[in-house]
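Visitor: Please put the structure up, and let us go through it one question at a time.

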Amino acid sequence: MIAARALADSRPQQAIEALRSILDDESTDPNSLGETVRTLIDIDPAQTECAADALRRLLNHWSASPESICRAAETLASLGETYVSEAAAKLLMSASNLDAAPSDRLNAACLLGDLGPAYRQRCVQALWGVVDAPDTDVFERTEAMRELSILDAEGADEVAKGLLAFLTDEGPSPSYVRNAAEMIVASSPHRLHEVVAAMRTFVENPAIAETTRTAAESQLRTLLPRESSPGMPPRAQEPDPSSPVEEMCRVLADPEEGFDRLLMAAEALSELGLAEAEQGAVVLRGRIAQMSMGPDLLDIALALTELGPAYGTEVAAILRGVIAASTTPSDDRVRATHMLLDLGPQYAAEAFGVLRSISDDASTDEDTRDNAIRGMGYFRPEHAPQAAEYLRGRIAASECDTPARRRVLAEALGWLGPLWAAEAAHSLRGIMNDTAVPGAERVECAVSLVSVGQQYEVEAIAWLRGFMKDPSQAGDDRDFASHRLLDITGKYLYEQDQIMRETSPELYAKLSAREG
């Protein structure tokens, strides 16, 4: 595949014909067809139907591995909307295949959810199938419940409540204590404080078996990493002057403290325990009450999120106030919206509306608009289609946009997930190969290609190597390509050394003399 990509730089048609001959060869290992298809589409996105036929052969072959089937279905869906339902059917079969390993069934179920909201219910059913299967181990079951906590929060919480009821019964086994605690937190993160309370009850109960007490202590330290004495009762609400709690609260209260110190103090309190986190929250609320809208308020809100998920609703209210205030600058509105989105998928629709409004506002400055567009690349799969539709529309009408803006739009589209990666890569290639575009921007597009997906890394590296060796390009642009290549890989230091010798001979001579 590396040879095919290298050949495509100078003789693309020959590379395409070579790859098609591999796909048409009946003796080709079906499990290798997926990688060949992805290379073919990367070189020529017009080869869609040939790629789809090869993927169908793989998907229907008796010797195809579960991993190959999942990747092939994912690639098939990325070819276009007409193939999505076909890919979904294969993923659903894989997720329901009891002969496959639980990890493969879980992977198929998660990929099914990545296809968009139309497949959410089937994804949920497949995940519940993984949870209920007798051969699913604790790790896969916990990961499935973590997905269900978002896709089917009500159902996941019912499981959490049931596990919590069993957990509070007398005399649970050590393994049950460990497994149930992890499962409850994965299913319903907001029940963390109930799990912590149950663990402390076990630790303090003299009638509990020693092995169970030890398991509870271990789990407490996992849930609260700095819990030094899990057997001690909850600490008093007033800070102990001899403990680090008072120092952390002092940091949170001091307006002269730097942002990093603020976050570190909040994180430290959250790890010490729920009571300590609340002490920090009281301090931060006092500061918030005295503040006006602005970046400092957002810093305090972010510190409040570091205290734990229990403060999410409170933080959301602060962020909404910042977003809605007419005096809030656009860049602060974008930052507040990103923070709102980070609080959970329940805020996604609201966040999208704000980001779109900022992006479409003619008065928004260029950097802020780019940040708003990039923010659209972070939506979870069930909300991604709405963002993708907007980004596609902007890309299609991009004659009025600069190459840099088109790059940002393509990046955000690719970040939404594998369903849109090929389309985003195609847009980036269009800029990379447009000689009318400034060289530095073409280089940035090659680097952006890697951010869209690791499957494009080889292509991006080959393009950058070719560009930096091209004497027809400006010396500064070749040097820039050399430095950006180093950000991706350190395998070509000799070539980069040669480029510096050609493009910056005086600097190269000085550096060589210093090293000598």
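Visitor: What is the handedness of the crossing in which α9 passes α11?

Guide: Helices here are DSSP runs of H or I with at least four residues, numbered from the N terminus. A crossing is called left-handed if the near helix is turned anticlockwise from the far one by less than a right angle, and right-handed if clockwise. By that convention, the crossing in which α9 passes α11 is right-handed.

Visitor: Before we go on, what kind of model is this, and which pLDDT limits apply?

Guide: Residues are numbered from 1 along each chain as its sequence is written, and side-chain values use heavy atoms, with hydrogens and water left out. This is a predicted model, in which totals for chains, interfaces and linings use all residues, whereas local features need pLDDT of at least 70 and side-chain atom pairs count only at pLDDT 80 or more.

Visitor: At roughly what angle do the axes of α9 and α11 cross?

Guide: Axes are lines fitted to C-alpha atoms, for helices over the stretch in contact, and the angles run from 0 to 180 degrees between N-to-C directions. For helix α9 (residues 138-151) and helix α11 (residues 174-187), the axes come within 7 Å and cross at roughly 20°. That makes α9 roughly parallel to α11, a description given to angles under 35 degrees, while those over 145 count as roughly antiparallel, 65 to 115 as roughly perpendicular and the rest as oblique. The angle asked for is roughly 20°.

Visitor: How far apart are the axes of α2 and α4 where these helices pack?

Guide: The crossing of α2 and α4 is left-handed, and the two helices are roughly parallel to each other. Arg20, Leu23 and Asp24 in α2 meet Cys50, Ala54 and Arg57 in α4, where contact means heavy atoms within 4.5 Å. Helix α2 (residues 12-24) packs against α4 at an angle of about 30°, and their axes are 10 Å apart.

Visitor: Which helices are included in what covers the buried residues of α5?

Guide: Buried means under 20% relative accessible area, exposed over 50% and partly exposed in between, computed with a 1.4 Å probe on protein chains only. The buried residues of α5 include Ser68, Ile69, Cys70 and Leu76. What covers the buried residues of α5 includes α3 (33-43), α4 (48-60), α6 (84-96), α7 (102-114) and α24 (418-432).

Visitor: How many of the residues of α3 are buried?

Guide: Among the buried residues of α3 are Leu33, Val37, Leu40 and Ile41, and Arg38 and Asp42 are also listed. The helix is mostly covered, the number of buried residues being nine of its 11.

Visitor: How many salt bridges does the count come to?

Guide: A salt bridge is a side-chain nitrogen of Lys or Arg within 4 Å of a carboxyl oxygen of Asp or Glu. By this rule the count comes to 30.

Visitor: Which parts does the pair Asp299 and Arg335 tie together?

Guide: The side chains of Asp299 and Arg335 meet in a salt bridge with an N to O distance of 2.7 Å. Asp299 lies in helix α17 (residues 295-306) and Arg335 in helix α19 (residues 330-342), so the pair ties together parts that are 36 residues apart in sequence. Asp299 counts as buried at 16% relative accessibility, whereas Arg335 is partly exposed at 26%. The parts tied together thus belong to α17 and α19.

Visitor: How far apart in space are Leu269 and Glu306, C-alpha to C-alpha?

Guide: Leu269 is found in helix α15 (residues 259-272) and is buried, with a relative accessible area of 0%. Leaving aside residues up to four places away in sequence, Leu269 touches residues including Val245, Met248 and Leu307. Leu269 and Glu306 are 37 residues apart in sequence, and their separation in space is 8.9 Å.
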